[in-house]
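This report describes selected strands, their pairing and the surroundings of the ligand. Please consult the sequence and the structure below while reading.

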Amino acid sequence: MNYYSLNKKAPNTSFKEAVIKGIAPDKGLYFPETITPLPASFFENIDNLSYEAIAFEAIKQFVSPDIPEDVLKTIIAETLSFDFPVVKINDQVSTLELFHGPTMAFKDVGARFMARCLGYFNQNNTEEVTVLVATSGDTGGAVANGFLGVKGVKVVILYPSGKVSDIQEKQLTTLKQNITALEVDGVFDDCQDMVKRAFLDDELTSKMQLTSANSINVARWLPQMFYFFFAYKQLHKTHKKIVFSVPSGNFGNICAGMMAQQLGLPIHHFVAANNENNVVTEYLTTRLYQPKPSVQTISNAMDVGNPSNFIRIQEIYKHNFEALKSNLSSFSFSDDQTREALKELYTDFKYIADPHGAVGYLGCKSYLKDNEDAHCVFLETAHPTKFLNVVEDIIPEKIELPSQIKAVMDEEKASIPIAHYDELKAVLFNTLS
Ligand SMILES: N[C@@H](CCOP(=O)(O)O)C(=O)O
């Protein structure tokens, strides 16, 4: 598969080069040249396929021929070593739990997949790769965990100081080894802008191989398609109109769901569930796409004011507003509404959600008001204990800490404070020695 830059001012490139570069030289996101739907027989036979077999069929065309099929099977087996259960909330709503991996957030799949692809491409390479990543909470921990000890790879994570949860901060600052955490005096968008600027900085890129482990990287983004297939496998016999409500920040996850739909997965509709960072909700109402500085909320991983992947969504719908709107609804919710939803899920259904899942649940409720015959699945993108300070105030029971969380609780944080791009540059040059 070849990839083109969405800015259309850079040469097309292979999967391998797209992964190693992260972003095209013209600053565009890479997008696959073709998307070939899976045959009808795949969907007819889905009940007999394992998750690994489904994932293999879904992603094969996007990584071929750079990753041979036997290597791809191993990468997928190692990536998907945990479960993805659908849990019934009521007759109209279910949740897909994506938090059973090592850092208890949906980012684990993409991070582990990408780390293994990069490890494979790098095996005979003497040149080190530096992975730069901006996080508003969950990506950082997943990337730190996924890339820990990967040969020839150094990871530098930028996160907004004071704007991620305590456990998220522990996950991304305590592993050390080949992982460096930079605590940025700013918001997530400042971190993301610095990362994107670094890719275009000739002084840096002439001395080091930089790539991204955010969803701008195709190897981080595309494996997120798997979730939608896994939910479909669990629900298609009982529900015909399946709608996904995706808590959305950088819009990589929902965009991956739309790619799954392009492959033929029968998804009836998407809901982008937003907190008060509502650029896309406003766009669908006003047709004006106006990125703005992110505001801090209790669903902090979605505190993104300029979502990177929206341009890919536009590309899928060929920049046709009506086509997009017929397949995507978007709602935005305040922190108070999110707290109420957490309470309702617990009181009415005995389900403990995290704040992001609660926003997804609200997205389902809003959509179902006018679409009663649909079944809405909200993605539970992270485990509630990652947001203990929020959840424990609302849920009147002691929540048992999972072993993955306990493992980092008492570790010592190591981070470097920075405020400006030049400081990032200095850190990157220091990693060269
Ligand atoms: N929600 C994210 C922000 C970065 O998103 P990504 O999917 O592009 O890595 C986070 O938790 O850091």
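**Strand E10 and its two faces**

In this predicted model, the side chains of strand E10 are divided between two directions: Ile-242, Phe-244 and Val-246 point one way, while Val-243, Ser-245 and Pro-247 point the other way. In a regular strand, side chains alternate between the two faces of the sheet. Residues on both sides of E10 are buried.

The strand spans residues 242–247 and is mostly covered, with six of its six residues buried. Buried here means that 20 or more other C-beta atoms lie within 10 Å of the residue's own.

**Partners of E10**

Two pairings of E10 are described here. With strand E13 (residues 375–380), E10 pairs in the parallel sense over four bridges.

Between E10 and E11 the chain passes through helix H12 (residues 252–262), forming a right-handed β-α-β crossover.

**The five-stranded open sheet**

Which strands form the open sheet, and in what order? Five strands take part, arranged as E9-E6-E7-E8-E14 with parallel pairing. Strand E9 (209–212) and strand E14 (416–418) are at the edges; each has a single partner strand, so one side of each lacks a neighbour in the sheet. From one strand to the next, the twist averages 30°.

Within this sheet, strand E6 (residues 129–134) pairs with strand E7 (residues 153–160) in the parallel sense, over six bridges. Val-131 is placed opposite Val-155 of E7. Helix H6 (residues 138–147) packs on the sheet and touches E6, E7 and strand E8 (179–184). The direction of H6 makes about 165° with that of E7.

**The shell around the ligand**

How many residues surround the ligand, and which are the closest? The ligand is surrounded by 14 residues, of which the closest are Thr-135, Asp-138, Thr-139, Ser-215 and Asn-250.

By class, the shell comprises 11 polar residues, two nonpolar residues and one charged residue.

Terms used:
Residues numbered from 1 in each chain as written. Predicted model: local features only at pLDDT ≥ 70, side-chain atom pairs only at ≥ 80, totals over all residues. Buried ≥ 20, exposed ≤ 12 C-beta atoms within 10 Å, placed from the backbone. Pairing = 2+ DSSP bridges. Right-handed = clockwise from strand over helix to strand, strands pointing away. Axes fitted to C-alpha atoms, helices over the stretch in contact; angles between N-to-C directions. Contact = placed C-beta atoms within 7 Å. Near = placed C-beta within 6 Å. Nonpolar A, V, L, I, M, F, W, Y, C, P; charged D, E, K, R; others polar.
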